[in-house]
Amino acid sequence: MSRFVIATPLFLGLVLGAAGPVQAADSKQVFEFYCAQCHGMDGKGRGINVTKDFATDPRNLTDSTEMAKRTDNDIRNVIKEGGPSINKSALMPPWGATLSAAEVDGLVTYIRKLCDCKGN
Amino acid sequence: MRVLAVTVNLGAALLVMTSTPGYAAGGEAIFKKSCTSCHYTDGPAKEKTIADQLAKKGPELWYAGSKFKKEWLLAWLQDPQPIRPLKYNSLTENNPRNHPKLSAGDAAAMTDYLMGFTSPEVKAGVITPKETAQGKHTFVKKAPCGGCHEYPEKGVARGGKSGPSLVGASKRLNPDWIYAYLANINVFKPVRDMPDFGSVLNPEYLKKVSAYVATFE
């Protein structure tokens, strides 16, 4: 019995410990696959698509001052509905039909790490 | 008895006809020998995760016969010029411009082989290439395709780099495939870095923008 009581938290700890980094890596992969083409691998808004023909500046996601003005829900919505949903450029397309809710939530968490900020 | 023999023979003949591939055997042999490290023709789409897509070295070809124009494919295989500004699946490396060239004979066999891979999702005769104000507006403003794709403007390639170039789309792409792809992208490419516009734009917008892209020189 006592061995079981000790072993269970140990097992849970291993599982939870393993789940954290895996989820973080997944969100990084999602960001780099979908978002980095415009926002850049580092999130600073200078992705490969940002040429002289790109009609706007993609958000610098590491700008903590600007990003702190957005709530998590704002970020979630603009990912899903696109720029026009907040009167921003349609060059930010709607990803709601492409990404799962969990992937969008993961991106919000990842973007908060990039800006090292919280939404007001 | 005679009726039975005729029926059996007819059945056998039909079986042979339906099991005969609609492409030249030479093309299949070349494909299996030289192309399978980067491409696959046995659809439907296999990719389920981002990792699956990233593992690919080149585009899937299981709907090539619905996607490409035959004359373009025949010429391109003999003189392959980059379609993507960047290396496949890369956002940092330029296209290495190293697609193998085929001889005229091999290109003809390969073209016949690849044109045999069609998708029932692509309905013929839906899209006629045409520039309309609505098509251009959708391309430029509503769902700005040029953010990720090169497009021609007065003979100059402009626009983004991450997607395949749309310069020369009128020669390369079947207009009906452009529409089918936009309308039902998950069938063709379930994992890709392009949004599903078929879920957010109505079919009329998709048809007009497909017709517009199909005019690109």
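Because the model is predicted, local features are described only where pLDDT is at least 70 and side-chain atom pairs count only at pLDDT 80 or more, while totals for chains, interfaces and linings use all residues. Residues are numbered from 1 along each chain as its sequence is written, and chains are lettered from A and ligands numbered from 1 in the order in which they are written.

**View 1. Confidence along the two chains.** Here pLDDT is the predictor's confidence in each residue, on a scale from 0 to 100. Chain B has an average pLDDT of 91, with 88% of its residues scoring at least 70, and in its residues 1–24, where pLDDT is below 50, the model has ten contacts beyond near neighbours in sequence. Two residues are in contact if their C-beta atoms, placed from the backbone, lie within 7 Å. Chain A averages 86, and 78% of its residues score at least 70; its residues 1–22 stay under 50 and have zero contacts beyond four places in sequence. For the complex, the predictor gives an ipTM of 0.87 and a pTM of 0.86.

**View 2. The contact between chain A and chain B.** This contact draws 20 residues from chain B and 19 residues from chain A. On the side of chain B that touches chain A, helix H7 (133–142) and strand E2 (156–159) of chain B each supply at least two residues; helices (H or I, at least four residues) and strands (E, at least two) are DSSP runs, numbered from the N terminus. By class, this side of chain B has eight nonpolar, six polar and six charged residues, where Ala, Val, Leu, Ile, Met, Phe, Trp, Tyr, Cys and Pro count as nonpolar, Asp, Glu, Lys and Arg as charged, and the others, Gly among them, as polar.

**View 3. The two domains of chain B.** Domain 1 of chain B spans 22–115 and domain 2 spans 133–213, with bounds that come from an automatic or database domain assignment. Their C-alpha centres lie 20 Å apart, and their contact takes 18 residues from domain 1 and 15 residues from domain 2. On the side of domain 1 that touches domain 2, the elements giving two or more residues are helix H3 (50–54) and helix H4 (64–67) of chain B, and H3(B) gives the largest share, three residues. This side of domain 1 consists of nine nonpolar, three polar and six charged residues.

**View 4. Helices H5 and H6 of chain B.** Helix H5 (residues 70–78) and helix H6 (residues 104–115) of chain B pack at an angle of about 140°, with their axes 9 Å apart. Axes are lines fitted to C-alpha atoms, for helices over the stretch in contact, and angles run from 0 to 180 degrees between N-to-C directions. H5(B) and H6(B) are therefore oblique to each other, since angles under 35 degrees count as roughly parallel, over 145 as roughly antiparallel, 65 to 115 as roughly perpendicular and the rest as oblique. Among the residues that meet are B:Leu73, B:Leu74 and B:Leu77 in H5(B) and B:Ala107, B:Met110 and B:Leu114 in H6(B), and the contact divides into nine nonpolar, two polar and one charged residue.

**View 5. Helices H7 and H11 of chain B.** H7(B) packs with helix H11 (residues 203–213) of chain B at an angle of about 90°, their axes 7 Å apart, which makes H7(B) roughly perpendicular to H11(B). The residues that meet include B:Thr138 and B:Phe139 in H7(B) and B:Tyr205 and B:Val209 in H11(B), and the contact has six nonpolar, three polar and three charged residues.

View 6. The axes of H3(A) and H4(A) come within 10 Å and cross at roughly 125°, which makes H3(A) oblique to H4(A). Among the residues in contact are A:Ile75 and A:Ile79 in H3(A) and A:Leu107 and A:Ile111 in H4(A), and this contact has six nonpolar, no polar and three charged residues. A:Asn87 lies in the loop between helix H3 (72–81) and helix H4 (101–115) of chain A, and its phi is near 60°, a positive value in a residue other than glycine.

**View 7. A cis peptide bond in chain B.** B:Gly43 and B:Pro44 are joined by a cis peptide bond, with omega about 0°, and B:Pro44 is found in the loop between helix H2 (25–34) and H3 of chain B. Most residues other than glycine have a negative phi, and most peptide bonds are trans.
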